[in-house]
Amino acid sequence: MNYLNTQYLLDKRPSGMPEDDCWKLHQESITSLEKNEILIEVKYLSIDPYMRGRMNEGASYAAPTKIGEPMAGETVGVVVESNSNIFKVGDKVCAHMGWQTYIKTKDTNPVLLKVPESSIPLSAYLGTVGMPGRTAYFGLNRVGKPKAGETLVVSAASGAVGTVVGQLAKSYGLQVIGIAGGPEKCSFVKDELGFDACIDYKAGNLVADLKNACPNGVDIYFENVGGEVTRAIAPLLNKGSRVPVCGFISQYNAKDIFETETPFHVLGKLNPKPVHRFFVVTEWADEWDKATNEISKLIESNDLIYRETITKGFENAPQALRDVLTGKNFGKQIIEI
């Protein structure tokens, strides 16, 4: 056997938007497997907002990527060589092992997740039925604690997490308002996903539009964005409201995130304060199968719709990350290797 693995290694830490010189392309030959090892040929690489935080050196909920290591990220691919009793050649596997085109690893590695046989495209296991979908499911159900008849607002509503949050909330009987950028994304959220309304934050009337869309206030705000969106939502939060904080993408390129106004500053000043906390999907790792099964059933019955931006070519990963950080992508951003 002889496979050529191409990797993007982190070469320097960015200041602001990460430019191409933050990464270095590296190639290595894979010529043998040890006992209980497998080799995965990567088909798709996921591009997600959290990756920007992993490029920083500072404290965060996950360790930063070290200089000289493959850039953090999740992939899905097919086992092409196996010295394992757990995985056989042809098995489809998700692996959280960074930006690379082949992955050699022990079959007991906890970051491996076998993809079930189904009619759902493989790429969706990086998005709607993958980590972003599970993030939406647990953030909404465990932190948001939705009840039928309540009003939910979700920012980045056309994105990989937001689309699932809103559609699940609709299926639970909530009034759902999305926030997205531009008329195309807003019409997709309202007309195709079936949200009750979608507000275009780029239209310049965010505060007034939100007030009109939420005459009974807001019971759950699913936070993906931060900044002006959080400030506009804050006065509308009802007593007893809940705010799952998934992220705040508008501030990820700040020179010093500790110097910027985060959602915690905005929400912490309110009286009464909403129940709010930052959460990470790994808190419920032992229940991932449950979430994946529920979301899979909804997709297979056409009760959950998703959109992907698939960019061909591993070399386009850095630009795809910049697109995600500036909202240029539509739905889940994926690189096809």
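**Aromatic rings and their partners**

The charged end of K114 is placed over the ring of F87, 5.1 Å from the ring centre; a charge sits over a ring if NZ of Lys or CZ of Arg is within 6 Å of the ring centre and within 35 degrees of the ring normal. The model is a predicted one, in which local features need pLDDT of at least 70, side-chain atom pairs count only at pLDDT 80 or more, and totals for chains, interfaces and linings use all residues. Residues are numbered from 1 along each chain as its sequence is written, and side-chain values use heavy atoms, leaving out hydrogens and water.

Rings of Phe, Tyr and Trp (its six-membered ring) pair if their centres lie within 6.5 Å; planes under 30 degrees apart count as stacked, over 60 as edge-to-face and the rest as tilted. Y8 and F314 make a tilted pair, with 5.2 Å centre to centre and 45° between the planes. Because Y8 belongs to strand β1 (residues 3–10) and F314 to the loop between β14 (308–312) and α9 (317–325), this pair ties together parts 306 residues apart in sequence. Strands (E, at least two residues) and helices (H or I, at least four) are DSSP runs, numbered from the N terminus. Y8 is buried at 8% relative accessible area, and F314 is buried at 7%; buried means under 20%, exposed over 50% and partly exposed in between (1.4 Å probe, protein chains only).

F222 and F279 form an edge-to-face pair, 6.0 Å centre to centre with 75° between the planes. Both F222 and F279 are buried. Ring pairs join F222 and F279 with Y137, F138 and W284 in a cluster.
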